[in-house]
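Please read the points below beside the sequence and the model. They are arranged by topic, beginning with a term that the later points rely on.

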Amino acid sequence: MADALLGSAVRVLVEKAINLASEQIGLFVGFKKDLEKLKDTLTGIQAVLHDAEKKQVTKDSVKLWLEKLQRMAFDAENLLDDINYEMIRRKVEIRNQMKRKVCFFFSVSNPIAFRCKMVNKIQKINMDLKIINEEASELSLERHEQHGGAEASPRVLSSPSGVGGLMKNRKTTSLFVDQTFVGRDGDVLEIVGRLTAPSNNENISVQSIVGMGGIGKTTLARKVFNDPKIVNHFANRIWVCVSDDFNVDRLFDFMLESLGGQKPGGGVRQLEAKVQDLKKLLDGKKFLLVLDDVWDKESTRWNWNEFLGSLKGTSQAMGSWILVTAREQQVVDITRISSPQGYSLKQLSDYQCWRILKENAFGAGEVPDGLQDIGLKIVQRCGGLPLAASVLGGMLHNKGPNEWQKLESRLQILGGGENSNINEILKLSFDHLPHPSLKKCFAYCSIFPKDFQMERNQLIQLWAAEGFLHSNPIDDMYMKEVGNRYFTILLDSNLFQEAQKDDYGNVLNCKMHDLVHDMVQFISNSKTLRLAESGLKLTGSSSIDMETSSIQYLALERNREGMPFPSIESFKCITTLFLQGNGSLNDREMSFFMLRVLNLSALSVKELPKSIGKLTHMRYLDSSRTSIKTLPESLCQLYNLQTLRVKYCDSLTRFPKNFKNLVNLRHFDFFSKDKSSDIMPFEIGQLQFLQTLPFFSIGEERGRQIGELRTLENLSGQLELRNLELVKSKEEAESANLIGKPNINELRLLWNEIDNSRNNDSEYNQVLEGLQAHQNLKGLIIERFFGTQLSTWIGELRRLVKFELRNCRNCEELPTLGSMPFLRFLHLKGLDSLTSIGPSFYGRSGVHSGRTSQIPLKLFPELERLILEKMPNLSEWMETPVHDGTVVVFPVLHVMRIIDCPQLATFPSHFPRLKELEIKQTQNGPAKDQIANQ
């Protein structure tokens with residue numbers, strides 16, 4: 001049987017080795033010719049890989065040849081990475097010894113021994129690859145010459161929507177709502193009616209939704225969960241995905257997390273303590289608990305009564321419900337308490353499936369002539385499953401009639417049986433992914449458990465760490481941009497679903513459907529393994545020979561201290577290691593010397609061993625949600641490290657003094673509430689590739705001043721600047737070069753409360769002037785600014801989506817905001833000196849009578865939410881000067897809150913789309929009454 005991933009894996013490995021060899025030719029005295037030979041041999045082998053990938057399906061000899069080549073390419077890549085590490089190490093050493101003059105690169109640190117060692121290894125690999133190349137000829141593998149370099153060049157990348165790296169415009173909220181929800185409105189009404197029936201006098205009742213995988217149980221449950229009647233009927237709503245293990249302890253952990261309590265991984269606690277915590281949150285309240293995707297019959301049968309008994313003690317109120325989704329009737333029978341029968345979800349009709357496919361293939365666009373007839377034939381193979389229709393629609397997005405016809409022909413040969421069609425369709429969607437490196441990225445997701453919420457940025461960082469993404473200087477594309485395009489393709493193909501976005505439209509995270517996860521595990525079962533506590537439970541890889549396996553990606557869950565660790569020899573090819581659960585970390589576990597990725601997130605570990613510095617291939621280290629207090633100095637020897645994540649590490653108080661040696665660091669994902677500058681690594685400005693820096697605490701000493709940000713031109717996402725009261729002039733503020741950072745989405749400027757020893761307010765004003773941001777900025781939050789005047793550059797931010805002013809007590813006037821075309825959120829709080837909101841707030845351009853255009857001028861055209869809060873001296877909020885229909889103000893504003901503005905007596909009178917209004921602690925008067933009556 002052919003390995004679905006083997007061909008793609010080999011092609012990615014060979015390409016990585018070619019790229020590394022190309023970069024290093026000419027840099028190393030003594031083995032330039034050997035590197036050139038290695039590159040040429042690999043390039044020759046690369047030319048036959050396309051043919052080999054096709055022939056391995058029917059020829060075992062070709063499959064064996066590919067497996068042999070894979071091992072050799074893996075060794076070649078690691079060897080070249082060793083050489084690259086040595087090059088970086090010596091550059092760092094030379095930089096740190098500024099007085100030493102170097103004539104030749106290998107003039108320090110015993111170059112002869114290193115060179116001899118590397119030459120011997122390269123020559124050995126070249127001999128092995130020569131044999132491989134000869135065997136390719138014996139197997140009659142045909143050459144396909146590749147023009148312009150590697151096959152996965154980002155130049156040919158595009159998302160199915162044909163809009164490059166831009167995300168498809170999906171209307172999602174923090175609680176995902178499927179836009180192609182078709183044919184289930186009656187089901188929603190029926191289940192909502194059952195859950196809200198007034199005649200329910202039981203403490204807890206159970207309602208099940210049952211149906212085959214992919215039929216839409218979770219989507220229906222989510223619709224019910226977010227229905228307004230449900231929201232109003234239940235005091236608390238809790239969503240828990242159960243998936244493959246009905247574990248009572250774990251379920252109570254997730255329930256507490258859903259209610260805002262302790263997060264999983266917060267330490268070992270007895271079940272009784274968790275039940276008592278839940279009782280504090282629920283007692284006397286009616287609640288709805290959704291247990292989504294309960295499919296392990298055995299664990300459910302053993303643990304259901306314990307779970308239900310514990311849950312019944314958390315609230316004495318009558319009328320609470322548990323809503324269960326399951327694939328099998330046996331689960332319904334196990335969880336049934338009394339009369340309610342399981343709600344059996346039926347397949348959709350072919351026409352309903354066509355509506356879903358059409359929405360995913362064309363959006364709101366028209367269906368071209370001839371494609372509807374083909375589409376109606378295609379949906380006959382969906383088996384009434386919306387998942388199948390949405391995936392097929394994603395595959396056909398932006399495709400022409402030929403591709404539609406080819407897909408329809410391929411679907412005709414699929415077999416029958418429950419879920420067989422959907423499994424074949426999902427496998428077909430994988431085969432249709434346009435690039436081998438994209439297939440590797442997708443298959444890598446099997447390292448995550450079912451229903452895992454995958455963070456987009458984290459996923460792209462992991463792909464980059466494993467070398468699946470390649471920068472392309474010709475097209476000015478970086479690894480992150482390539483990763484974003486890959487992510488977009490998978491999202492638009494509906495292989496990723498349930499996308500959640502931030503305020504700026506950026507996708508934050510997503511999930512895979514259970515059946516998609518099953519498919520990914522199947523195709524990657526020779527590379528990915530998840531080991532549970534017993535060391536015996538395998539997920540998707542039950543037939544692996546532990547002593548000879550080629551496993552590269554290992555997730556190990558340890559639920560008790562002292563659990564035996566797998567043999568290093570059994571996993572000598574490991575490049576990704578996820579450690580989860582309880583237990584410490586020791587030097588033995590740092591012996592996976594090929595590691596590119598080490599994820600210790602939520603592990604009960606208090607320190608990292610010093611031997612971590614030996615993991616020279618490491619690109620990604622995550623120790624978030626741990627109790628680590630400091631990081632070892634040896635960490636600074638990880639010169640290849642691209643990503644360091646230490647989120648929610650409240651005990652972490654300092655970083656190693658040589659942190660600046662992490663010269664390849666791109667993502668430093670760390671956040672602390674500590675305002676002290678001592679928390680910041682010293683001389684962070686030397687990390688010129690840095691892209692992620694959530695905050696920077698300004699200090700007074702050199703190496704921690706605001707000027708450290710000058711050279712960090714690639715910063716992106718969110719940046720929070722703290723301790724701005726330490727910046728004393730416009731020139732010093734300009735040294736941060738914020739205007740030269742086009743990729744920052746959201747900027748937070750924070751001053752601290754001081755004794756106001758600076759009598760000249762203009763000094764504050766000048767500092768803010770020097771902090772001018774790039775025009776691309778989408779979010780600006782300013783807190784505790786002590787100047788009297790906001791800078792004019794704020795009103796010129798034409799892409800601003802969110803603007804907040806908080807506790808700027810001396811600010812006397814607001815900037816002009818009315819003409820900002822994308823401003824959606826405006827929050828003004830604690831502006832003690834503001835007495836009036838007048839014409840300048842709206843903007844004067846075009847606000848006059850006698851306009852000749854028939855289209856009225858819109859001010860605040862996209863503003864949706866407006867909050868005015870804690871302004872003790874604000875007495876008037878003026879109307880726009882014109883009322884003759886030529887100007888429309890706040891045309892889409894639907895939420896307005898005015899709180900604790902005791903002097904405010906006059907308001908604008910016209911808010912045409914207002915849906916939510918809250919006015920507290922303001923003067924009563926006709927203007928207020930007029931707004932309230934709208």
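1. Buried means under 20% relative accessible area, exposed means over 50%, and partly exposed lies in between (1.4 Å probe, protein chains only). Helices (H or I, at least four residues) and strands (E, at least two) are DSSP runs, numbered from the N terminus. With these terms, helix H15 (residues 386-395) is mostly covered, since 10 of its 10 residues are buried, including Pro386, Leu392 and Met395.

2. This is a predicted model, in which local features need pLDDT of at least 70 and side-chain atom pairs count only at pLDDT 80 or more, whereas totals for chains, interfaces and linings use all residues. Residues are numbered from 1 along each chain as its sequence is written, and side-chain values use heavy atoms, with hydrogens and water left out.

3. On confidence, pLDDT is the predictor's own confidence in each residue, from 0 to 100; the protein chain has a mean pLDDT of 83, and 83% of its residues reach 70 or more. Over residues 147-175, however, the pLDDT is below 50, although this stretch has 69 contacts (heavy atoms within 4.5 Å) in the model beyond near neighbours in sequence. Where pLDDT is low, the predicted coordinates should not be read in detail.

4. A nonpolar core is a set of buried Ala, Val, Leu, Ile, Met, Phe, Trp, Tyr and Cys residues joined through side-chain atoms within 4.5 Å. The largest one has 109 residues, of which Phe668, Trp751, Leu780, Ile782, Phe860 and Trp877 touch the most other members. Apart from it lies another core, of 92 residues, among them Trp321, Leu392, Leu428 and Met454.

5. An open sheet is formed by 9 strands in the order E16-E17-E18-E19-E20-E21-E24-E27-E28, with parallel pairing, where two strands pair if DSSP finds at least two bridges between them. Its edge strands, each pairing on one side only, are E16 (695-697) and E28 (916-922). Within the sheet, 5 bridges join E19 (residues 779-783) to E20 (residues 802-806), and Ile781 stands opposite Glu804 in E20.

6. Two backbone angles deserve a look. Most residues other than glycine have a negative phi.
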